[in-house]
Amino acid sequence: MKIDEKQIGEIVKSVLANVQGQSSITESARTYQGVFETMSEALAAVEKAYKEFRSYTVEQREKMIAKIRKFTLAEAEEMAKLGVSETGMGRVSDKIIKHQLVANKTPGTEDLSPSVMTGDNGLTLVEMAPYGVIGSITPSTNPSETVICNSIGMIAGGNAVVFNPHPNACKTANYAIDLVNRAILEAGGPENLVVSVSHPTMESSNEMMKSPIVKMLVATGGPGVVRALLSSGKKAIGAGAGNPPVIVDETANIKKAAKDIVAGASFDNNLPCIAEKECFAVDSIASELIAGMQEAGAYLIKGKQIDDLVKLALVEKDGKYSINKDWVGKDAGKFLEKLGIQSDARLIICETNALHPFVQVEMMMPILAVVRVNDIDDAIEKAVAAEHGNRHSAHIHSKNVDNLTKFARAVETTIFVKNAPSYAGIGAGGEGYTTFTIAGPTGEGLTAAHSFTRQRRCVMVDGLHIV
Ligand code: NAD
């Protein structure tokens, strides 16, 4: 076996690191395919891979994607467990479902459809071409799901990807990057088509954003990262924060609404950006709805218990509330235990007013405030205010078409789910494909392969127009 200079260097570095008791960096760089110690190395590798990938056919792209789907299904449980153990957030059983959803319902190359114009002057063809190397920043809340979902869509579009994952979830994200590379290699694809760094930082993120190798940026996360990307001067897709309200009016099937809301708001401990995060219930049915939620597995807290929960789940500074990061995505039972209650409920519910921080703050915890409102107009006004103009997601349970339409028009969200749990909006129990990168701020909506392509026009004059 021949060993080149670079490999010798890596072995020397690894031995030195082991001797000095800091083996983790080189260990993960060695273990995971496509994961490099520095962003410069990652960028160089992905540039080379992209050049090679340019000569691959669409059929070959599809073969790689099929393998990524297969590997994801096979390792869904492993990634779900890793995600929960690394971040301390979410539920293994729900994360398995998220990985299965990504594997089965993320569109591949079938999402790319060229368009054609023909007429007296001949034929014009518009094709969807790759951007090149895409830089993708991923969140802690869906670390491996986002890596796999973006990889499928970006590769389907003919691109290569450099990831800068959330530092608190980088082991899980890098596991997924390794999985994607293993699948690509087994399908006969190039090495390092998807890359990352073992220890992502703001510096590695900046280097990635500024690199001339990277032609497009995609941010999946909170407002900070979307702002940073949109000021990069490059084509950027921003998938930002939400705070989805759910309305229940007097015409709804109240029992079903209660069940659906508990299912959606408790899914993966409310980590999904699309999950119901506050509920506005018309007064005449509010008590019935709350009773239905309790029947469906929610635990109702009252009075001082609510105040105690605020102190636990939120941080207050100068009258402003933000989330207590230590409690994001924790099981409802853990919160209840701190309140002196033993329960295996999946969701905590409480009645509050519309200005309560549980309503206004994007919690990402299995806690749902229910606000009584006078009627649908009152509900819409308060729900729109709570959504904060994110234009992300909103949901409603109603059989009144006028109410459904009025709320949809007023809230202007990218996803709007009627009479179902919120996850129906990303294809789980609802029609349509899935994505874990929902681009409200930049308007691509539910991203898929087509979002990661550029249009190219090819014009033939006086020919190929055959009628
Ligand atoms: P986060 O914003 O803390 O982190 C997201 C990523 O951005 C991480 O990789 C982080 O390191 C990076 N980052 C943060 N600030 C940055 C900056 N100024 N410059 C460069 N990089 C930066 O988000 P999180 O806590 O991991 O995830 C939860 C948030 O993401 C919620 O607000 C949720 O609504 C949102 N989210 C949105 C979508 C969507 O599709 N729209 C999907 C998942 C999560």
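Modeller: The largest pocket has a volume of about 1200 Å³. This is a predicted model, where local features need pLDDT of at least 70 and side-chain atom pairs count only at pLDDT 80 or more, while totals for chains, interfaces and linings use all residues. Residues are numbered from 1 along each chain as its sequence is written, and side-chain values use heavy atoms, with hydrogens and water left out.

Biologist: What counts as a pocket or a cavity here?

Modeller: On a 1 Å grid over the protein atoms alone, a cavity is a set of points where a 1.4 Å probe fits but cannot get out, and a pocket is an open set with protein on both sides within 12 Å along at least five of seven lines; lining residues have an atom within 4 Å of a point. Points are joined across faces, edges and corners, and the volume is the space filled by probe spheres set on them.

Biologist: OK, so which residues lie nearest the centre of the largest pocket?

Modeller: Pro139, Ser140, His166, Gly221 and Gly222, out of 46 lining residues. The elements giving two or more residues to that lining are α9 (202-210), α10 (223-230) and β13 (320-323). Helices (H or I, at least four residues) and strands (E, at least two) are DSSP runs, numbered from the N terminus.

Biologist: Which domains does that lining draw on?

Modeller: At least three residues come from each of domain 1 (23-240 + 447-456) and domain 2 (245-431), with bounds from an automatic or database domain assignment.

Biologist: And how does the lining split by class?

Modeller: The largest pocket has 23 nonpolar, 19 polar and four charged lining residues. Ala, Val, Leu, Ile, Met, Phe, Trp, Tyr, Cys and Pro count as nonpolar, Asp, Glu, Lys and Arg as charged, and the others, Gly among them, as polar.

Biologist: How many cavities of 30 Å³ or more are there?

Modeller: Two. The largest cavity has a volume of about 60 Å³, and its lining includes Asn142, Pro272 and Phe436. That lining has six nonpolar, two polar and no charged residues.

Biologist: What about the second largest cavity?

Modeller: About 40 Å³ of space, with four nonpolar, six polar and no charged residues around it. Among them are Thr106, Cys149 and Phe452.

Biologist: Switching to rings: how many aromatic pairs?

Modeller: Five in the whole structure. Rings of Phe, Tyr and Trp (its six-membered ring) pair if their centres lie within 6.5 Å; planes under 30 degrees apart are stacked, over 60 edge-to-face, and the rest tilted. Tyr32 and Tyr175 have ring centres 6.1 Å apart and planes at 85 degrees, so that pair is edge-to-face.

Biologist: Where do those two lie?

Modeller: Tyr32 is in the loop between α2 (24-31) and β1 (35-36) and Tyr175 in helix α8 (residues 170-186), so the pair ties together parts 143 residues apart in sequence.

Biologist: Is Tyr175 buried or exposed?

Modeller: Buried, at 12% relative accessible area. Buried means under 20%, exposed over 50%, partly exposed in between (1.4 Å probe, protein chains only). Tyr32 is buried too, at 18%.

Biologist: Last topic: which phi does Asn192 have?

Modeller: A positive one, about 60 degrees, although Asn192 is not a glycine. Asn192 sits in the loop between α8 and β6 (194-197) and is buried at 16%.

Biologist: And Glu412, where does that lie?

Modeller: In the loop between α17 (401-411) and β17 (415-418). Glu412 has a positive phi of about 55 degrees and is partly exposed at 48%.
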